[in-house]
Amino acid sequence: MKLVYNVSDKPKFSQTLIFGFQQMIAIMAATLLVPMIVSGYGLDADPAAALFGAGVGTLIYILFTQKKSPVFLGSSFTFLGAYAASIGMNYGYWGVIIGVAFAGLVYVVIAIIIKAIGSGWVNKLMPNVIIGPIVALIGLSLSSTATSWIMGNGGNTAYGEGYNWASIIVGLLTFFVIVLASTKGTKNMKLIPFIIGVGAGYIIALIMTVVGQFANIESMQIMDFKPFVDTFTPFSIKSIVDYPKFFFLKALETKGQYPLDAAAIGNIAMIYVPIGIVELAQHIADHKNLSSIIEKDLITDPGLDKTLLGDGLGSIAGSFFGGAANTTYGESIGCVAITGNASIVSIITAACGCIVLSFFSPFVCVINSIPKCVMGGACIAMYGFIAVSGLQMIQRVDLNKSENLFVVASILVCGIGGLYFGFGHNGITKGALLEITSLAAALIVGLITNLIVNIGKTPEVPEAPEKPKVTSKPKVNEAPSDSTKEAFNAKPFNGGKSKKKKKSKR
C-alpha cells in the first residue's frame, strides 16, 4: 500500500507526538484490560504497571529488530488461561513471572535455531494459502470483542452489562467519525482518525451520560466516573503523580507466601511453554501482515530470529513489570494500515509515552474512563483492516484448485467455529488446564490439510527456454529466420547490401 510515512521517515516533532499518542489510544484499552482480568483471578495487577511494561517491552523489541518493524507490543490475551491455572495452583506472583519467562525462552530457543538454519522454511511451511486465512482469522476472531463492547459497553457501566441502544449509537458514531476523518478529512486529519474518532465518541458518551443522570434514564448512563472518584478522592499528591505498582515488587513482598520447589517450577513450565509455541503462529502471521503493509519482508530483514528475540524478551519485560506478557498488537498494525504512517519514530514515541504517562495519575484515569463502546467503534476499523489484509493475501491464491480450497476452508471454518484442543482440567476456571486456542488449532488443521493435499507432489520446475542456434548466416537474398533475429538481438541481418542497391552499373 502507499504509505504517507515510511519506516525510516521522521515526521516533525509536533506531528510525531500526535502520531505516538494515536498509537497509544489504539492499544490502550486491551493493554489495560488484561491486568484487570488477572486481578480478578486473585492477584493484584496494576493497569498502570502493565502500561509501563508494554512501553519497555516495545523498546526492547525495536532494539532487537534494528528499528525496522513498526509495531507496538501490548498485553497478550493468549496467556489468560495460563494465568488462571498457575494462580489457581497457588503459585502466586512468581508463578506468573517465571511462567512467562518460560514462554519467552521458547521464542529465544526458536530464534537461535532459525539463526543457524535460516528462515526460508517459513515461506514453505506457511505460504499465502495458509498465512492469508490465518491473518483474516486474527481480525475476525477479535470482531466479537468489538461488537460486544458496542452492544453492552463491555459491562463497564455503572448499571451493569446488557443490550444497550445508547451504547450502540455511541459506538457506531465513533466508527463513522473515524471513517469520515480517514476518507473525507484533510491531509492531517487522515493521519489521526483514531484520535478524532475516540475523542468524538468520548464527548458524545459524556453528554449522553450527563443527560441520562438528569433525566434519570439509566440506559443512557454509559460512562462510569468511578476512575475519577478513585483517583481524586481523597485528593493528594498521588492524584497527580504516582508510581505504578510493579508486579515484581508485589512478588518480593510476598516473602515466601507462595513457595516454589522444583516440582512447582516444572508444572509452571508445562503450563506456559505450549503458550509460547502457540504464540509463534500469531507472531509469524502478524509480521507477514505487517510486511505486506510496509512492502518489506520482515521475515528476511531484520529476520525472523530478531523479531522473535525482541518479542520474547519484550514479553518477559511486560510480565516482570506489569504482570501481563506482551505480544505484537493487531490494533497497532491496523493503525499503521489505516493511517499510512509506518514511521518507527511514532512507535518509539508511543512506547516512551506509555512509560512516562504510567506515572501520571490523571492520564491513566482518563484512559480507564473511556467507555468500551467507544473503543469498540474504533476496533471495527482496526480489526476489520486486519481481516481484509488476510483476504488480500488469499486473493493471490488460485482457489480454482481444490487443493488450495480445502486448505483455506479448513482454516476458516475451524477458526471461526471456535475449534480448540483442551488437555487436563482446571479446577478454578472449570475449563481445560492447557488449551490450544482456536487460532492455533485452525493453523494446525490447515498445515496438516496442506500436507495431505500435497503428498506425492513434486514442485513444478519451469523448463528453461531453448536458446536459438545460429548455424549459418542467411544468404544474401534470403530473409533471416526468427531464431536468427533473436540471436542477433532482434536486429535484422542484412547479409550485405540489398539487391536493389547492389545492381550492376551495366
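A cavity is a set of grid points where a 1.4 Å probe fits but cannot get out, and its volume is the space filled by probe spheres set on those points. The model examined here is predicted.

**Exercise 1.** How many cavities of 30 Å³ or more does the structure hold, and which helix supplies the largest share of the lining of the largest cavity?

*Solution.* Step 1: there are three cavities of 30 Å³ or more. Step 2: the largest cavity holds about 120 Å³ of space. Step 3: helix H1 (13-40), H16 and helix H17 (372-395) each give at least two residues to its lining. Step 4: H1 supplies the largest share, six residues. Step 5: nine residues of this lining are nonpolar, one is polar and one is charged; Asn-368 and Lys-372 are among the lining residues.

**Exercise 2.** Describe the second largest pocket by volume, lining and contributing elements.

*Solution.* Step 1: about 740 Å³ of space lies in this pocket. Step 2: of its 31 lining residues, Asp-46, Pro-47, Thr-231, Val-364 and Asn-368 lie nearest the centre. Step 3: helix H2 (47-64), helix H10 (226-232) and helix H16 (361-369) each contribute two or more residues. Step 4: H16 gives the most, five residues. Step 5: the lining comprises 14 nonpolar, seven polar and 10 charged residues.

**Exercise 3.** At what angle do H2 and helix H15 (residues 344-357) pack, and is their crossing left-handed or right-handed?

*Solution.* Step 1: the angle between H2 and H15 is about 150 degrees, and their axes are 7 Å apart. Step 2: the crossing is left-handed. Step 3: the contact includes Leu-51, Phe-52 and Gly-55 of H2, and Ile-344, Ile-347 and Ala-351 of H15. Step 4: the residues of this contact comprise 12 nonpolar, two polar and no charged.

Methods:
Residues are numbered from 1 along each chain as its sequence is written. This is a predicted model: local features need pLDDT of at least 70, side-chain atom pairs count only at pLDDT 80 or more; totals for chains, interfaces and linings use all residues. Side-chain values use heavy atoms; hydrogens and water are left out. On a 1 Å grid over the protein atoms alone, a cavity is a set of points where a 1.4 Å probe fits but cannot get out, and a pocket is an open set with protein on both sides within 12 Å along at least five of seven lines; lining residues have an atom within 4 Å of a point. Helices (H or I, at least four residues) and strands (E, at least two) are DSSP runs, numbered from the N terminus. Ala, Val, Leu, Ile, Met, Phe, Trp, Tyr, Cys and Pro count as nonpolar, Asp, Glu, Lys and Arg as charged, and the others, Gly among them, as polar. Axes are lines fitted to C-alpha atoms, for helices over the stretch in contact, and angles run from 0 to 180 degrees between N-to-C directions. A crossing is left-handed if the near helix is turned anticlockwise from the far one by less than a right angle, and right-handed if clockwise. Contact means heavy atoms within 4.5 Å.
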